[in-house]
Amino acid sequence: MGSKVRAAAVCAAVSALVATGATVLTAAPAAASTITESTAGSWAYIDSAAPGTSFTNPAGDLPVGAHTYANGVSHVSKAYVTFDLSALRGNRLERAGVSVDETAVADCSTPRATQLWLTEPAKKPTWNSQPAELVQAGGPIIDTSCPARGVFWNATAALQSALDAGQKTATLAIRLPDDQQNDPKFGRAYNPHATLSITYNRAPSKPAQLTVNTHACGTKPVVAGAGSTTLGAAVTDPDGDFGTAEWALWPVDHPEQRVTIQNSFTGDGVSLDVQGRLADATTYAWQVRALDRTDAGPWSAVCKLTTDFVRPDKAPVVTSADYYDVGLGTGGTGIPGSFTFTANGVADVVGYYYGLFDTPGSYVPATRKGGPATVTVVPQQSGPQYLSVWSVDAAGARSDRTDYRFWVASNEPGVTCTPWDAYVGEARQCTFTPNGPSPAAAYVYHLGQDDDRTVPAGPDGTATVTVVPTDYQQPYPELTVRAKLANGYVTGPSTTSFSVEAGEPEITPLTANPVQGRPAQFRVHATLPGAASVTYRWQDQEWATAPVDENGDATVTVTPATASWGAFIAHNTTAAGIRSADAWVNLDVASNQPAVTSAEYPANDAGGAVGTPGTFVFSSPVAGAVSYSYEFDGGPSGMVSAGSSGTASVVFTPTRRYPNSVRVTTTFADGVVSAATVYTFTAKSAAPTVTCDTGADSVRPGQHIQCSVQPLQANPASYGYAIGSGAETAVPASADGTASFGFEVPADQPNAAYLTLRTWSVNAAGVRSDETTTLFYVWTVPGSARAV
């Protein structure tokens with residue numbers, strides 16, 4: 001047995017839910033939009049004890065069917081829910097469903113057959129004034145739970161009926177069938193929050209922004225020429241699911257010849273080329289609408305076009321009373337001239353394109369269709385010229401070109417400047433004079449890349465200005481001048497140039513033989529008038545600045561950091577900031593590196609011997625050496641003072657043949673340290689000569705080997721030897737410097753491997769020579785020797 005309907009709801013004879021919910025729209029291309037309206041809020045019920053009264057917003061759920069009080073009185077309930085249909089007005093309804101949750105069931109063993117009916121509109125239904133039930137919804141569709149969550153009815157036909165009747169809202173009754181309505185065991189209760197889910201399609205909008213060949217449609221037909229004729233429009237769809245445009249096209253005089261064409265498109269812009277469907281000299285009307293998968297949008301407004309496939313067949317005629325081809329010309333640069341274009345008898349000309357020298361850069365409309373046009377042209381250069389003109393019809397088709405030739409008189413101003421040649425920063429006096437019949441009111445001029453300046457003309461029409469060239473890198477700057485005429489126009493330019501001396505200084509080296517790391521002096525003499533300072537540097541060192549004296553001279557000092565062919569560079573600057581060009585002097589800078597010599601060990605050659613001392617002499621090509629710092633590779637380092645001759649020496653005994661080198665620098669009396677010299681040398685071998693008696697070309701483990709040694713090192717005191725990396729053994733030298741020793745081949749020496757004997761000598765001073773290496777091939781097969 002299911003749960004009982006709560007007592008608070010039993011007294012309801014008729015309950016009504018009147019709700020209006022929010023609308024949520026979801027749309028995707030090629031699919032209709034889904035609109036879900038969720039309803040919740042006010043609902044009302046009536047009691048049989050008060051059949052004419054409607055009770056609003058009671059507490060508790062919504063009872064449906066029969067319920068009995070404890071006193072035995074039965075009440076029958078119906079529920080009503082009202083939905084707002086404004087979202088569907090003008091749109092196509094596709095599907096509709098209503099769902100509501102059960103909250104209580106009198107007896108779960110009874111079948112569930114709750115009905116949903118579309119009724120007449122009812123805001124406050126009562127038991128005595130129940131609205132007529134018109135269309136029953138399909139269902140219910142339920143789950144197997146009890147109470148059921150989400151009882152659902154298909155309300156498509158019911159809502160369509162309400163829309164067809166022009167209703168703005170739909171009232172739906174939730175009730176039990178007649179054979180269950182009065183039996184309390186079938187009684188149920190529902191959550192008052194019912195939901196209406198509807199799926200509908202909104203048709204595309206009315207197209208707008210109609211164009212013909214990108215020209216907007218208006219009250220007059222757009223004229224289309226012999227090229228492509230493309231119709232265009234902007235179309236939108238509330239759901240974004242349209243993709244087909246339908247066009248209608250017909251001659252205005254024959255509407256019965258209306259044809260339609262469809263084409264697909266993407267985006268919001270639609271277009272169609274209809275050139276192949278058009279006849280010449282005909283006015284057409286057209287419309288367009290958009291289609292989605294189920295509905296057609298409204299037709300657009302009507303746009304008209306007129307065809308004109310024939311271009312003007314005669315070139316225009318050009319005349320001018322101001323400019324023509326005669327003598328040395330008329331008018332002048334900056335003097336406007338009037339030019340008149342006529343259509344040469346072509347009736348449909350609407351305007352003219354024109355421009356100097358084949359360039360149709362300007363357009364002027366005709367005064368009337370087939371009529372003339374007059375333009376003003378202001379020549380910017382003198383001499384022979386021509387004006388190119390084309391006539392054009394309403395379709396934009398142009399005629400052949402007419403070239404009107406004329407000669408512009410020269411009226412560019414005269415300009416003279418003195419002096420012609422001067423230094424950078426020196427002023428030039430330049431005079432401007434008028435040329436031609438038109439008086440000059442002023443002159444506009446600029447030097448090089450400077451901005452324009454304006455000077456008024458004097459009573460005689462001339463003007464004089466002072467210009468100062470300030471860029472030494474522009475040896476021949478141009479002065480450009482235009483005359484501003486009394487009519488406000490400006491003539492073409494006149495140009496003149498003059499010579500600018502760069503004013504580079506004269507440089508005299510004062511140090512005859514500059515040396516690396518030592519100061520070198522230079523005298524700089526300014527040739528630039530008004531020079532106040534000299535800026536200088538050696539090669540790529542930092543710039544320095546010094547003043548010049550009243551004669552324009554300055555003595556400056558630089559210190560070359562490296563020994564190489566380099567340049568001293570200098571330029572002068574005036575107090576006004578005018579700079580000269582650079583001057584430079586190239587000099588060879590001698591190295592201050594010390595020289596290293598050794599009689600025993602010549603540079604880059606083998607000399608002496610390992611263990612034999614050698615004397616290394618240091619000298620400087622630059623006077624003033626006080627000491628030398630040295631460092632032998634893998635050997636001693638230190639400092640040795642220079643003698644009165646500026647030289648010094650050290651004795652070094654090499655302990656290896658190579659690599660051997662010494663790095664030497666000179667320190668001078670002023671504390672300057674020279675660049676380093678690296679002196680490399682090789683010592684000859686002093687390793688002894690070793691002779692061993694093996695009796696064969698191979699030896700055996702345990703075999704005794706006797707060896708004798710002859711010295712290469714002077715005054716050997718002893719010899720040393722070792723087997724491989726084993727312990728070293730010393731043997732004293734005899735009176736004649738020789739020695740002998742013997743050893744046994746190790747018993748564990750592997751077969752077919754070499755045994756190494758290392759031998760060296762040590763002199764009386766304890767200096768060890770380099771080693772002699774002797775190899776013995778070990779053969780372990782008993783009773784036999786290794787085959788040769």
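Of the 788 residues, 44% count as buried, where buried means under 20% relative accessible area, exposed over 50%, and partly exposed anything in between (1.4 Å probe, protein chains only). Because this is a prediction, local features need pLDDT of at least 70 and side-chain atom pairs count only at pLDDT 80 or more, while totals for chains, interfaces and linings use all residues. Residues are numbered from 1 along each chain as its sequence is written, and side-chain values use heavy atoms, with hydrogens and water left out.

On the fold itself, the chain has three helices and 64 strands (DSSP runs numbered from the N terminus: H or I of at least four residues for helices, E of at least two for strands). Its radius of gyration is 58 Å, well over the 28 Å from the globule rule for 788 residues, so the chain is more spread out than a compact globule (the radius is taken over C-alpha atoms, and the rule is 2.2 Å times the number of residues to the power 0.38). The C-alpha trace spans about 150 × 115 × 60 Å along its principal axes. As for contacts (heavy atoms within 4.5 Å), residues 24 or more positions apart make up 66% of those with a separation of 6 or more.

Turning to the rings, the structure holds 31 aromatic pairs; rings of Phe, Tyr and Trp (its six-membered ring) pair if their centres lie within 6.5 Å, with planes under 30 degrees apart called stacked, over 60 edge-to-face and the rest tilted. F618 and Y628 have ring centres 5.9 Å apart and planes at 55°, so this pair is tilted. F618 sits in strand β52 (residues 614-619) and Y628 in strand β53 (residues 625-632), so the pair ties together parts 10 residues apart in sequence. Both F618 and Y628 are buried. Y679 and F681 form another tilted pair, at 6.2 Å centre to centre and 40° between the planes, and both of these residues are buried too.

F357, by contrast, is found in the loop between β29 (349-356) and β30 (362-365). F357 is partly exposed, at a relative accessible area of 33%. Leaving aside residues up to four places away in sequence, F357 touches Q381, P384, Q385, Y386 and S388.
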